[in-house]
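Please keep the sequence and the structure in view while reading.

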Amino acid sequence: MVIRWLEQAFSAKRSVVWALLQTALLASCLGLIFSAKLSAQELVIESWRKDDQLFWDRVIIPAFQRKHPGIRLKFAPEEALLYDGRLYSRLSTRAAGDVVFCRPFDGGLRLNDKGFLQALTEKQLENFDPKARRAWTTDDGKTTYCLPVAYVIHGIFYNKEIFRQLQLEPPKTEAEFMDRLQKVAAAGKTTPLALGTADMWEATQVIFTGMGPNFWGGEKARHGLMNGSRKFTDPEFIKAWRMMSQFKPYMHPRQTEMSNSDIQLLFATGNAAIYPTGSWDIDFLRSTSFAYKKQIDMGVFKPPLENKNERCHLSVHPDFGIGINKNTRHPEATQLLIEWLASQEFAQLMTNTLSGFFSLSKHTVAINDPLSLEMMNWRKECDDTIRINAEKLNRVWPSMEEELWYVNVKVVNQEMTPEQAAQYIQRIHEKNAYIQSVAP
């Protein structure tokens, strides 16, 4: 009897000990799992800049991870033309990355208005002045929803070797620009103008908004469109479309089938003389030419003036900000990333690595790339403006952006006259509820 009681007591004690051991083991495993999650968080960065994959992977991400080894970063760019729609869908279904590249003005504002982005604090924004924040701040000025990161400058690249062979100087006026195209065409060896219309956006975001400000007078005209005192049918806008309507004979015979990537390659391999684009293409053009073991001797000139003695207007455009997905699963890690992106270290790294992307922060950074520095110095002699439809003019349906793509391709392909383009866009413009509310 006693022996049986002792056996039962020992058995019960053994069960308790085993239960305690199981509990301790489970707690230990959960602790290890939780610890592993903390030390191996992965933040996904959404972007439309596929051209920059190499620079993020090899330079920017390693620099961040040296400071935060427990946080992995994954740069996950989307095709530029698909980015906005797919990002919106992913944000709507809570499947988007932890931080996202933000379009300036109306593009980013739409995401904020839908509640997708986390408002930034004054502490996070202390290195950015109100002008830098403007492209990612609500109309009432109370909320900045994306960290201002970089701006770009529009310009026109040219192949110096081709210009030397033909004894050409970079043009300063529209007439000189057309003269250079004609002389390259007459030589018959290379495509005069590297411009395609398959992707559609280049005719608007490069030609119309990059070369147009010298015709319509930059910011004054842009604000006139916003307050209703100017119209797209005014003569200065028609002049810009008229310039564009002359380009077709100097473009590649298959330009309607050529994407932006095709055009980049055409110029980078020395098969085109003049490439209207912007500072954002500097590094990519060099990298592309490296693949062919011969880097082109590349120069750059300002968008041409209508008349030589006029004041120049330069499209200095806030290109991208970076915002926090409000539904990120790693809120603390994303805060650390945003803090680093706002730092002097990142500003200098980006300037060194992504030549042609200029920091929007107040930090002093050294610009060592000669082409970037040349374009930056243009700002000392020209007045800044931004892409004409970026702010408030896109708040209409159909979108002003999409309609400009359609019209500008038609003008370049000589399927629509400058006057028809002006009338078409003005009709779209007049539907804008924002414009109607402020027009005199």
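Gln 41 is buried, with a relative accessible area of 15%, where buried means under 20% relative accessible area, exposed means over 50%, and partly exposed lies in between (1.4 Å probe, protein chains only). Gln 41 belongs to strand E1, which covers residues 41-47; helices (H or I, at least four residues) and strands (E, at least two) are DSSP runs, numbered from the N terminus. Not counting residues up to four places away in sequence, Gln 41 touches Gly 70, Ile 71, Arg 72, His 330 and Ala 333, a contact being a case of heavy atoms within 4.5 Å.

The model is predicted, so local features need pLDDT of at least 70 and side-chain atom pairs count only at pLDDT 80 or more, whereas totals for chains, interfaces and linings use all residues. Residues are numbered from 1 along each chain as its sequence is written, and side-chain values use heavy atoms, with hydrogens and water left out.

**The protein as a whole**

The protein has 19 helices and 10 strands, and of its 440 residues 53% count as buried. Its accessible surface comes to about 20,900 Å², of which 53% belongs to carbon and sulfur atoms; accessible areas come from the Shrake-Rupley method with a 1.4 Å probe, and for residues only the protein chains shown count as cover. Among contacts with a separation of 6 or more, 77% are accounted for by residues 24 or more positions apart.

**The nonpolar core**

In soluble globular proteins, nonpolar side chains tend to be buried together. Here the largest nonpolar core holds 131 residues, of which Trp 56, Phe 157, Phe 177, Trp 241, Phe 247 and Ile 274 touch the most other members; such a core is a set of buried Ala, Val, Leu, Ile, Met, Phe, Trp, Tyr and Cys residues joined through side-chain atoms within 4.5 Å. Strand E4 (residues 147-159) gives the largest share of this core, 9 residues. Because domain 1 (41-151 + 317-372) and domain 2 (153-315 + 385-438) both give residues to the core, it lies between them, the domain bounds coming from an automatic or database domain assignment. Trp 56, leaving aside its neighbours within four places in sequence, is in contact with Ile 45, Ile 61, Pro 62, Phe 75, Phe 101, Ile 322, Leu 341, Phe 346 and Leu 354.

In helix H16 (residues 370-377), Leu 371, Ser 372 and Met 375 are buried. Seen down the axis of H16, these buried residues fall within an arc of 100 degrees, so they line one face of the helix; the arc is that of the directions from the helix axis to the C-beta atoms. The N-terminal end of H16 is capped by Asp 369, which has a side-chain oxygen 3.3 Å from the backbone nitrogen of Leu 371. Asp 369 sits in the loop between strand E9 (358-359) and H16, and counts as buried at 11% relative accessibility. Leaving aside neighbours within four places in sequence, Asp 369 is in contact with Ile 282, Arg 286 and Ser 355.

Helix H10 (residues 219-227) has Ala 221, Arg 222, Gly 224, Leu 225 and Met 226 as buried residues. The buried residues of H10 pack against helices H9 (213-216), H11 (235-244), H18 (418-429) and H19 (433-438), as well as strand E10 (382-385). Just after H10, Gly 228 takes a positive phi of about 85 degrees.

Leu 109 lies in helix H4 (residues 106-113) and is buried, with a relative accessible area of 9%. Not counting residues up to four places away in sequence, Leu 109 touches Thr 138, Asp 139, Tyr 145 and Arg 395. Leu 109 and Asp 139 are 30 residues apart in sequence and 9.2 Å apart in space, C-alpha to C-alpha.

**Backbone exceptions**

Most residues other than glycine have a negative phi, and most peptide bonds are trans.

The peptide bond from Trp 397 to Pro 398 is cis, with omega near 0 degrees, and Pro 398 lies in the loop between E10 and helix H17 (400-412).

Key: A polar contact is a pair of N or O atoms within 3.5 Å; within protein, one must be able to donate a hydrogen and the other to accept it, and residues adjacent in sequence count only if both atoms are side-chain atoms.
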